[in-house]
Amino acid sequence: MARDGGETTGPGGGRWGRRRVLGGGALLAGGITLGAVGMSQGTSLADRHLPLSGGPASATVGNRRQDVGAGGLQVVWHAPTTERLVALTFDDGPLPRWTPTVLDTLERHAVPATFFLVGARVRRHADLIRGRLARHEVGNHSWRHRDLARLAAAEVHDDLRRSHEAIAEAAGVAPRLTRPPYGHLGGGVLHAAVRLDYRVVLWSLQMVEGEFPDDPAGHARRIVADVVPGTILLAHDAGPENRQVAVRGLDAMITGLRARGYTFVTVSQLLSRTSGPRAGG
């Protein structure tokens, strides 16, 4: 291209002003930037199978009749109540090192709890829970604790169904609740849950063992102070060493909450005594 003063001659012999050249450069740079962003977003979307029907984000499958159980789904974090009720829940078990200790502590205090069980661990350690869940409730926490929010709807259903069957066989009662690992809710999770007539139960307060690495009593005081009526409290009967802080402080936690006038109930008991919305099984 030839230059003539403040103008540039284009390939067709026309003249481009300086402003036009600079503007074109800006558009080119912007295009490169947008292209990079688009590629990044495209990679993210492809990773999550979007927007294909039945993928991780989709709560519908295909365009034929949906198999949706009772047709509605309840997702619960907390129960709306003024009664001093609290639901203690345990995730990730059963495991030999943890679950018997938790069950023994609950038995001493006659406290019911809800256990969100991992199906593969139930299959391997059924003896840990068989005959010991009379006062408790079971829920489905997936077959192998994968992130279900990254799986397609059919995969999630197969995973939860497999775990459902293992839990029902070992516990003698079928689970009616599910808690997805990490609390991750994808469309596939919702679709599978409604097919199985589950309630999805998350939590409104979680143990904070990492803040009290060597202080079970301090951790117990923190949790006792943070509970409010209708709390669904997340604990674990499996995991890294620091979670032993909560297990070792469980006696003090129970005693402290009862001193504040709280009654322990299972999740389903809590929901049955509150006025929150209800849909599905």
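Hi everyone, thanks for coming. Before we start, please keep in mind that this is a predicted model.

Let's begin with helix H5, residues 187–195. How many of its nine residues are buried? Seven of them are, so to speak, under cover. They are Gly187, Gly188, Val189, His191, Ala192, Ala193 and Val194. Among the elements that cover these residues are helix H4 (153–171), strand S8 (177–178) and strand S9 (199–201).

Ser163 sits in helix H4, and its relative accessibility is 0%, so it counts as buried. Where does its side chain find a polar partner? A polar atom of that side chain lies 3.2 Å from the backbone nitrogen of Gly119. Gly119 also turns up in the contact list for Ser163, next to Leu117, Val118, Asn140, Ser142 and Trp143, once neighbours within four places in sequence are set aside.

Now over to helix H8, residues 250–259. Its buried residues are Leu250, Met253, Ile254, Gly256 and Leu257. These residues lie on the same side of H8, because they span an arc of only 165° around the axis.

Is Thr266 buried or exposed? With 6% relative accessibility, it falls under the 20% cut-off and therefore counts as buried. Leaving out neighbours within four places in sequence, Thr266 touches Ala87, Pro112, Ala113, Thr114, Arg135, His136 and Glu137.

Last stop, the aromatics. The count comes to one aromatic pair. It is formed by Phe90 and Phe115, whose ring centres are 5.3 Å apart with planes at 20°, so the pair is stacked. Phe90 belongs to strand S5 and Phe115 to strand S6 (residues 114–117), so to say a link between distant parts of the chain, 25 residues apart. Both phenylalanines, Phe90 and Phe115, are buried.

That's my tour; over to you for questions.

Notes:
Residues are numbered from 1 along each chain as its sequence is written. This is a predicted model: local features need pLDDT of at least 70, side-chain atom pairs count only at pLDDT 80 or more; totals for chains, interfaces and linings use all residues. Side-chain values use heavy atoms; hydrogens and water are left out. Buried means under 20% relative accessible area, exposed over 50%, partly exposed in between (1.4 Å probe, protein chains only). Helices (H or I, at least four residues) and strands (E, at least two) are DSSP runs, numbered from the N terminus. Contact means heavy atoms within 4.5 Å. A polar contact is a pair of N or O atoms within 3.5 Å; within protein, one must be able to donate a hydrogen and the other to accept it, and residues adjacent in sequence count only if both atoms are side-chain atoms. The arc is that of the directions from the helix axis to the C-beta atoms. Rings of Phe, Tyr and Trp (its six-membered ring) pair if their centres lie within 6.5 Å; planes under 30 degrees apart count as stacked, over 60 as edge-to-face and the rest as tilted.
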